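Here is a short briefing to read alongside the model. Have a look at the structure first, then walk through the points below.

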Amino acid sequence: MPLYRRPNGIDLPFSSEITPREVFESRRGFMRQLAVGAAGAGGLLELSTGDAWAQASGAQKLAAKANPAYVVMDKATPFKDATTYNNFYEFGTEKTDPAENAGTLKTRPWTIAIEGEVKKPLTLDIDSLLKLAPLEERIYRLRCVEGWSMVIPWIGYSLSALIKKVEPTGNAKYVEFTTLADNRQMPGLRAPVLEWPYIEGLRMDEAMHPLALLGFGMYGQVLPNQNGAPVRMVLPWKYGFKSAKSIVKIRFLKEQPRTAWNIAAAREYGFYSNVNPDVDHPRWSQATERRIGEDGFFTKKRKTLMFNGYNEVAPLYAGMDLKKFF
Ligand SMILES: Nc1nc2c(c(=O)[nH]1)N[C@H]1C(S)=C(S)[C@@H](COP(=O)(O)O)O[C@H]1N2
Ligand SMILES: [Mo]
């Protein structure tokens, strides 16, 4: 799918979505209604890992306990769609590029540095980070700023568990996530679409919110490379681009960090980027969305919900003008 092209020939980051080809194929066979009640917690895990494509992928399994407190009732997006329709610009800007190109990403060994305004800075290898807190399965909606959304059974733990371990100082007001930028592994870095490395950030109270997930897996398996292996953020109340993939550094800061999309187009991508149907993107409406793998071309779009339906985060923004702090 072509990006919106500027007259100077340089792709403008992000465009409102134009209908892609593959995602409309009928995949009824892989769709499952994920039900909490009758199935119970154990059943949930079984259902999400029961995706035929996920099983056929043969990826390394990752055990986790389903957390029924963080489950949306929507149908899970078929694994095939969640792993072939991606944004991961380090591997190219077409939706199919990450699945095709991310095979070169080497996820072991992998170290992640946690530093800045903390009493106990840490440098951890990925397998130690994975064991830092019990892994949970949580089924989250994730909505991209382009106007599409997915429902994915993620595996990880609340970022707050890690934050507590490093003991932030009183100066720590923001958290910055830096992701890998390695020319040898990431062909997309050749294109000057964004300033590399990809950087994202959160205010401290957002980062401490239990919904903010440090993700290591999905669909009962370790993260596929194209979905941000070996470790990424998952922030279901914010537009997808806030959820940085393939993180190598987490830094605690006094000042609000610069972020990749804000640098690329400040008018279009603010620091907060909470899902908000009432604040349009300058180039398109944010009132509705299309659910990947489920809605067809002629299916009515879904109404986008404030905070993507995660109303429990509303107190974080009490008193803020969300049109100004978009
Ligand atoms: N490092 C990095 N992280 C990234 C991106 C990216 O290009 N690079 N794209 C973001 C965007 S725009 C979205 S919508 C989500 C997509 O995650 P998914 O492909 O797992 O659905 O990842 C986000 N994280
Ligand atoms: Mo996105």
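In this predicted model, an oxygen atom of ligand 1 is 2.8 Å from an N or O atom in the side chain of Asn-86. The protein covers 99% of the 540 Å² of accessible area that ligand 1 has on its own (Shrake-Rupley method, 1.4 Å probe).

**Around the ligand**
- The side chain of Lys-245 places an N or O atom 2.7 Å from an oxygen atom of ligand 1.
- Ser-243 takes part through its backbone, with an N or O atom 2.8 Å from a nitrogen atom of ligand 1.
- Ligand 1 is surrounded by 17 residues (a heavy atom within 4 Å), and the closest are Asn-86, Tyr-89, Glu-90, Arg-232 and Lys-245.
- That shell comprises 8 nonpolar, 6 polar and 3 charged residues.

**The largest pocket**
- Sorted by class, the pocket lining holds 10 nonpolar, 6 polar and 4 charged residues.

**Conventions**
- Local features need pLDDT of at least 70 and side-chain atom pairs pLDDT 80 or more, while totals for chains, interfaces and linings use all residues.
- Residues are numbered from 1 along each chain, chains are lettered from A and ligands numbered from 1 in the order written, and side-chain values use heavy atoms, without hydrogens and water.

How values were computed
A polar contact is a pair of N or O atoms within 3.5 Å; within protein, one must be able to donate a hydrogen and the other to accept it, and residues adjacent in sequence count only if both atoms are side-chain atoms. Ala, Val, Leu, Ile, Met, Phe, Trp, Tyr, Cys and Pro count as nonpolar, Asp, Glu, Lys and Arg as charged, and the others, Gly among them, as polar.
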